[in-house]
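Take a look at the structure below. This report starts with the ligand and then turns to the protein as a whole.

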Amino acid sequence: MYGGGEDPWHLAERWYEQRKYDITVAALPLPRYRRAFEPACSVGELTRRLATRCDEVLACDRVASAVATTRQRTAGAENVTVRQLTLPDEWPDGSFDLIVLSEVLYYFAARDLDRLLDRARTALEPGGSLVTVHWNHPVPEHLWTGTEIADRVTGLPGLSLLAEHREADFVLQVHGRDLADGSSPPGPAEREGLV
Ligand SMILES: C[S@@+](CC[C@H](N)C(=O)[O-])C[C@H]1O[C@@H](n2cnc3c(N)ncnc32)[C@H](O)[C@@H]1O
């Protein structure tokens with residue numbers, strides 16, 4: 001798809017995409033994150049927004065031109081690193097308190113999807129956030145609808161569903177990595193002593 005242009009999904013132009021990125025960032029339960037991982041960053045539109053909420057963002061894509069575009073578009077953000085990685089075989093070292101899997105999980109067949117989710121779960125620090133977003137209409141190259149993937153991610157061991165936003169077009173979920181004692185991470189109100 002990138003052979004036909006720098007931004008094949010028009011992610012930087014479409015109001016639909018811009019609004020969805022804003023909803024994604026607004027749904028983050030913590031005001032600030034230490035180290036985020038954003039696989040499948042494409043042209044870096046979500047990366048730019050994440051950079052305003054995170055001390056460090058590591059973004060990756062399997063396609064070299066997408067990596068180059070994200071590097072260009074985040075050039076002013078010194079806290080962003082962009083690498084060419086192909087999931088799930090390649091995965092960065094270290095742990096993260098935020099992992100964002102936006103519009104990518106439907107490309108993976110069951111075995112690789114489970115491997116990828118397992119890598120994400122393992123790399124997420126206790127109390128960290130896993131955000132997933134999926135287009136919800138059938139597409140020939142998508143192996144799952146958004147609803148199907150959301151159902152698969154919900155209930156994975158060690159993760160608790162903290163927030164969910166469902167529209168006809170997409171499903172967004174925020175999962176929290178359970179704490180060391182097995183309890184769910186507190187929500188934003190509890191963190192500020194409101195409940
Ligand atoms: C629809 S775009 C999503 C871009 C962005 N995450 C968003 O939410 O708008 C899907 C991206 O996933 C990347 N991708 C697909 N399979 C991948 C894989 N196995 N590893 C890394 N990136 C992959 C593609 O190159 C493409 O840039």
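## Where the ligand sits

The ligand sits in the largest pocket. Keep in mind that this is a predicted model.

Around the ligand are 17 residues. The closest are Tyr-2, Tyr-21, Ala-40, Asp-61 and Ser-102. What kinds of residues make up the shell around the ligand? The shell divides into 11 nonpolar, three polar and three charged residues.

Asp-61 uses its side chain instead, where an N or O atom is 2.6 Å from an oxygen atom of the ligand. The side chain of Ser-102 also takes part, with an N or O atom 2.5 Å from an oxygen atom of the ligand.

How much of the ligand does the protein bury? Taken alone, the ligand exposes 600 Å². The protein buries 95% of that.

## The whole protein

Now step back to the fold. The protein has six helices and seven strands. Along the sequence they follow the pattern α-β-α-β-α-β-β-α-β-α-β-β-α. The radius of gyration is 16 Å, close to the 16 Å that the globule rule gives for 195 residues, so the protein is as compact as a globular protein of that length.

What box do the C-alpha atoms fill? Taken along the principal axes, the box is roughly 50 × 35 × 35 Å.

Methods. Residues numbered from 1 in each chain as written. Predicted model: local features only at pLDDT ≥ 70, side-chain atom pairs only at ≥ 80, totals over all residues. Heavy atoms only, no water. Near = heavy atom within 4 Å. Polar contact = N/O pair within 3.5 Å; in protein donor to acceptor, adjacent residues only side chain to side chain. Areas by Shrake-Rupley, 256 points an atom, 1.4 Å probe, with all protein chains shown as cover. 1 Å grid on protein atoms, 1.4 Å probe; cavity = no way out; pocket = protein on both sides within 12 Å on 5 of 7 lines; lining within 4 Å. Sits in = over half its atoms within 2 Å of the grid points. Nonpolar A, V, L, I, M, F, W, Y, C, P; charged D, E, K, R; others polar. Helix = DSSP H or I, 4+ residues; strand = E, 2+ residues; numbered from the N terminus. Rg over C-alpha atoms; globule rule 2.2 N^0.38 Å.
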